[in-house]
Amino acid sequence: MMQYLYMFLILVGVLLVITIFLILVEKLLGSGGGERTITINDETQVVVMGGDTVLNSLSDKKIFLPSSCGGKGTCGTCKFQLIEGGTPIKPIEKSFINKKEEAEGVRLSCQVKVESDLRITLPPGLLDAQIYKSKVVGLEDLTYDIKRVRFELIEPNHIDFKPGQFVQIKVPGIEVVRAYSIASDSEDKNHLELMIRQVTKGAATTFVHKALMIGDKIDIDGPFGDFYLREDSKKDIICIAGGSGMAPIKSILYKLKQQGMPRKVKYFFGARTQNDLFLTEELMQLSKDYPNFEYIPALSHADDDKDWKGEKGWITDIVRKIAGDLSNSEAYLCGSPGMIDACIKVLKELNMSEDDILFDKF
Ligand SMILES: Cc1cc2nc3c(=O)[nH]c(=O)nc-3n(C[C@H](O)[C@H](O)[C@H](O)COP(=O)(O)OP(=O)(O)OC[C@H]3O[C@@H](n4cnc5c(N)ncnc54)[C@H](O)[C@@H]3O)c2cc1C
Ligand code: FES
């Protein structure tokens, strides 16, 4: 009887030792197998512990990719290009990655795990993104649902961005991170301005519209995005925006104005009614000051608005009516996904090449 008890205790002891050994191995090496090297753009190498996502592993090394949904796979902003290594593409990624991108290895960094050494490409400039401590110095209602928020950068107190790019703000307390296009002048490196539209029950926008106060301290990270003014191009420009899509176009216009508006620019702004228009006087004045610039606001729901003397109808129809042949133009579009898809169709009908159409959908 004692013999069986001894054997049982020895067996339990052996199992215990094996379990502790496996836990130690797991802890030391991680599920991704210990230290892994990520080679970025064939020039920078970072060594990380395997097992976590590319997004988190890079963030631990102070390389910040945009991640408006906090890594849940629902925003599609955390794209990068995987050249070698990595885990297979997941169905959740496919809703943000088209066939061409998939063939080029474009992936969502929050969904790819570092389980082997990786070779990746990040968009140029992304390695410069960092976290800025800032203070709110201006809050202004532009319409009933869009607020302009002005931040002074404190640490670091200087940002370089390209007109059209976006940053992310972290909502204090709930730690929600959301992307917002920069509306301000890229020459003013100590301040950032955002235009934030209230989304019903939206976490970040409800905070901004109902709770944010002058003097509040906010963490901002960025800049991000490949939607920005191509400054070396000489082509005419078509801008199309709706709602808070005004923001990146405003930043682009600052730059074009500083250059003396050398290219012909037509800016189409789609709104429902006059209540949804803002900065109209400023943009009309710009039209007067620069003959190359034309501002064309259009109202989709203004049939019985006798005061409105401007364009009436869907922005796509107005573009089709006014823009003319676009074979030597490039476009900057910003607004809802539906509006942008419809506009792209019209721009192509007017002979614009797909490579000349740049957009941010939100
Ligand atoms: C690159 C980029 C740039 C952006 N720039 C701007 C900008 O300049 N100004 C701006 O106002 N927003 C901008 N956005 C959108 C912004 O990041 C947020 O998604 C938006 O403000 C909603 O955040 P929330 O936390 O308030 O809503 P959430 O809490 O995320 O959402 C609440 C609910 O609203 C729905 N919802 C989320 N977003 C929208 C929307 N835009 N319209 C309608 N319903 C929505 C969600 O599906 C959800 O059901 C940008 C997004 C991206 C990716
Ligand atoms: S962080 Fe939003 S999809 Fe990856």
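# Exercises on a predicted model

In this predicted model, helix α8 (residues 315-322) packs against helix α9 (residues 337-349) at an angle of about 15°, and their axes are 9 Å apart.

**Exercise 1.** Work out which term describes the direction of α8 relative to α9, and then find which residues make the contact.

*Solution.* Begin with the angle, which is about 15°. Angles under 35 degrees count as roughly parallel, and therefore α8 is roughly parallel to α9. The next step is the handedness, and here α8 passes α9 in a right-handed crossing. On the side of α8, the contact is made by Ile 315, Thr 316, Val 319 and Arg 320, while α9 contributes Met 339, Ala 342, Cys 343, Val 346, Leu 347 and Glu 349. Sorted by class, the residues in this contact of α8 with α9 are seven nonpolar, one polar and two charged.

**Exercise 2.** Find how many residues surround ligand 1, and name the closest; then describe contacts that its oxygen and nitrogen atoms make.

*Solution.* Start with the surroundings: ligand 1 has 17 residues around it, of which the closest are Arg 178, Ala 179, Tyr 180, Ala 204 and Thr 205. Turning to individual atoms, a polar side-chain atom of Arg 178 is found 2.7 Å from an oxygen atom of the ligand. A polar backbone atom of Met 195, in turn, is 2.8 Å from a nitrogen atom of ligand 1.

**Exercise 3.** Locate Glu 101 in the chain, and list the residues that it touches, leaving out those up to four places away in sequence.

*Solution.* First, Glu 101 belongs to helix α4 (residues 99-103). Next, with residues up to four places away in sequence left out, Glu 101 touches Lys 79, Phe 96 and Val 106. Finally, Gln 81 is 20 residues from Glu 101 in sequence, and the C-alpha atoms of these two residues are 8.7 Å apart in space.

**Exercise 4.** Examine the backbone at Pro 156, Pro 223 and Met 261, and say where each residue lies.

*Solution.* Then consider Pro 223, which is joined to Gly 222 by a cis peptide bond with omega about -5°, and which is found in strand β11 (residues 217-224). Lastly, Met 261 has a phi near 50°, a positive value in a residue other than glycine, and Met 261 sits in the loop between α6 (246-258) and β13 (265-271).

How values were computed: Residues are numbered from 1 along each chain as its sequence is written. Chains are lettered from A and ligands numbered from 1 in the order in which they are written. This is a predicted model: local features need pLDDT of at least 70, side-chain atom pairs count only at pLDDT 80 or more; totals for chains, interfaces and linings use all residues. Side-chain values use heavy atoms; hydrogens and water are left out. Axes are lines fitted to C-alpha atoms, for helices over the stretch in contact, and angles run from 0 to 180 degrees between N-to-C directions. Helices (H or I, at least four residues) and strands (E, at least two) are DSSP runs, numbered from the N terminus. Angles under 35 degrees count as roughly parallel, over 145 as roughly antiparallel, 65 to 115 as roughly perpendicular and the rest as oblique. A crossing is left-handed if the near helix is turned anticlockwise from the far one by less than a right angle, and right-handed if clockwise. Contact means heavy atoms within 4.5 Å. Ala, Val, Leu, Ile, Met, Phe, Trp, Tyr, Cys and Pro count as nonpolar, Asp, Glu, Lys and Arg as charged, and the others, Gly among them, as polar. A residue is near a molecule or strand if one of its heavy atoms lies within 4 Å of it. A polar contact is a pair of N or O atoms within 3.5 Å; within protein, one must be able to donate a hydrogen and the other to accept it, and residues adjacent in sequence count only if both atoms are side-chain atoms.
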